[in-house]
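Reader: I would like to learn how to read the features of a protein model one by one, starting with the general idea and then turning to the case at hand. Could you take me through it in that way?

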Amino acid sequence: MCSWFPGYCHRCLIRKMFVVFLVLTCLTAISSADHHHHHQPCHSPNMTGLMNVITTKGETRAVGAFTYDSVGEKLRFTSNESHPTDSSRGLDLLMFFKEDIFYEIDGKTQSCTKNKLHISWHPLDIPNDAKFYTAMTMGSSSVEDERLKINVWGGDLPNTKASYWTSATMGCLPVSTFYFTDTTSFLFGLTDIEPEVKDPDLLTLPSFCHGKSVEDTPEGTVNSFVNEFM
């Protein structure tokens with residue numbers, strides 16, 4: 001797992017992974033974007049796994065565990081505080097996408113804040129209006145156990161100046177998502193994915209969060225899962 005690597009090596013590894021992903025995606029998407037008009041976006045199953053969030057400068061913003069309920073559209077992400085970096089953020093987020101609400105949780109102080117969610121897009125699913133770019137094989141195309149076939153999807157996010165590319169397996173498990181604007185970009189890398197919700201309690205609102213009022217959003221602020229890593 002990524003958490004096995006010391007901080008410096010971890011950042012080097014992720015940066016190299018980012019460069020490889022970006023170059024391969026660009027080349028294959030450009031070369032074959034016009035060849036696959038019949039693909040319809042798939043939707044991810046329930047998932048449990050690890051998430052790494054880095055900037056294009058190679059700064060690690062978070063390394064942690066996620067639990068995703070694809071039917072209920074709920075997501076819990078908790079960063080691993082045992083592997084902090086200078087640029088990382090300690091986060092414990094519980095997202096309710098159907099309700100357009102999310103909670104920032106502090107288990108140590110038994111406190112939380114309830115916030116309005118303005119953008120429901122997140123890197124664990126593929127939107128219905130996503131455009132199919134290409135199918136590609138990572139690793140060997142001739143050796144069965146040494147390859148990973150993925151589909152690459154992308155699109156622009158409504159009411160924002162942001163765009164994204166998502167690579168997912170043939171079974172619709174997301175592998176990585178590149179989110180970018182004119183000023184900011186992130187790579188979300190997913191590893192050790194299991195297609196199930198292993199601990200449903202993680203998607204249940206803690207008792208100390210009950211009855212909270214929605215916080216006022218500062219003018220000009222747009223709340224989203226991605227913006228929590230800014």
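Author: Let us begin with the sheet, for which one definition is needed: two strands count as paired if DSSP finds at least two bridges between them. Please keep in mind throughout that this is a predicted model.

Reader: What is the general idea behind strand pairing, and what is the order of the strands in the open sheet?

Author: Strands of a sheet pair through backbone hydrogen bonds, and they do so in either a parallel or an antiparallel sense. Here an open sheet of eleven strands runs in the order β6-β5-β4-β3-β2-β1-β11-β10-β9-β8-β7, and the pairing is antiparallel. β6 and β7 stand at the edges with a single partner strand each, so one side of each has no neighbour in the sheet. From one strand to the next, the twist averages 20 degrees.

Reader: How many bridges join β2 and β3, and which residue is the bridge partner of Ala65?

Author: Strand β2, which covers residues 60–69, and strand β3, which covers residues 74–79, pair in the antiparallel sense over six bridges, and Ala65 has Thr78 in β3 as its bridge partner. The hairpin of β2 and β3 has four residues between the strands, and in this hairpin Glu73 takes a positive phi near 55 degrees. Moving along the sheet, β3 and β4 pair in the antiparallel sense over five bridges, with Arg76 bridged to Leu94 in β4. β4 and β5 are also antiparallel, over four bridges, and there Leu93 has Glu104 in β5 as its bridge partner.

Reader: Are Asp100 and Gln110 exposed or partly exposed?

Author: Asp100 has a relative accessibility of 29% and counts as partly exposed, whereas Gln110, at 51% relative accessibility, counts as exposed.

Reader: Turning to side chains, how many aromatic pairs are there?

Author: Rings of Phe, Tyr and Trp pair if their centres lie within 6.5 Å, and planes over 60 degrees apart count as edge-to-face. By this rule the count comes to 13 aromatic pairs. Phe132 and Trp153 form one that is edge-to-face, with 5.1 Å from centre to centre and 70 degrees between the planes. Phe132 lies in strand β7 (residues 131–139) and Trp153 in strand β8 (residues 147–156), so the pair ties together parts that are 21 residues apart in sequence. Both Phe132 and Trp153 are buried. Elsewhere, ring pairs link Phe77, Phe186, Phe188, Phe225 and Phe229 into a cluster.

Reader: What is the volume of the largest pocket, and which residues are closest to its centre?

Author: The largest pocket has a volume of about 400 Å³. It is lined by 19 residues, of which Ser120, Trp121, His122, Pro127 and Asn128 are the closest to its centre. The lining of the largest pocket divides into nine nonpolar, six polar and four charged residues.

Reader: How far apart in space are Met138 and Lys149, and Asp199 and Thr48?

Author: Met138 and Lys149, eleven residues apart in sequence, are 6.2 Å apart in space from C-alpha to C-alpha. Met138 lies in strand β7 and is partly exposed, with a relative accessible area of 25%. The C-alpha atoms of Asp199 and Thr48 are separated by 8.7 Å, although these residues are 151 residues apart along the chain. Asp199 is found in the segment after β11 (185–194) and is partly exposed, with a relative accessible area of 34%.

How values were computed. Residues are numbered from 1 along each chain as its sequence is written. This is a predicted model: local features need pLDDT of at least 70, side-chain atom pairs count only at pLDDT 80 or more; totals for chains, interfaces and linings use all residues. Side-chain values use heavy atoms; hydrogens and water are left out. Rings of Phe, Tyr and Trp (its six-membered ring) pair if their centres lie within 6.5 Å; planes under 30 degrees apart count as stacked, over 60 as edge-to-face and the rest as tilted. Helices (H or I, at least four residues) and strands (E, at least two) are DSSP runs, numbered from the N terminus. Buried means under 20% relative accessible area, exposed over 50%, partly exposed in between (1.4 Å probe, protein chains only). On a 1 Å grid over the protein atoms alone, a cavity is a set of points where a 1.4 Å probe fits but cannot get out, and a pocket is an open set with protein on both sides within 12 Å along at least five of seven lines; lining residues have an atom within 4 Å of a point. Grid points are joined across faces, edges and corners, and a volume is the space filled by probe spheres set on the points. Ala, Val, Leu, Ile, Met, Phe, Trp, Tyr, Cys and Pro count as nonpolar, Asp, Glu, Lys and Arg as charged, and the others, Gly among them, as polar. Axes are lines fitted to C-alpha atoms, for helices over the stretch in contact, and angles run from 0 to 180 degrees between N-to-C directions.
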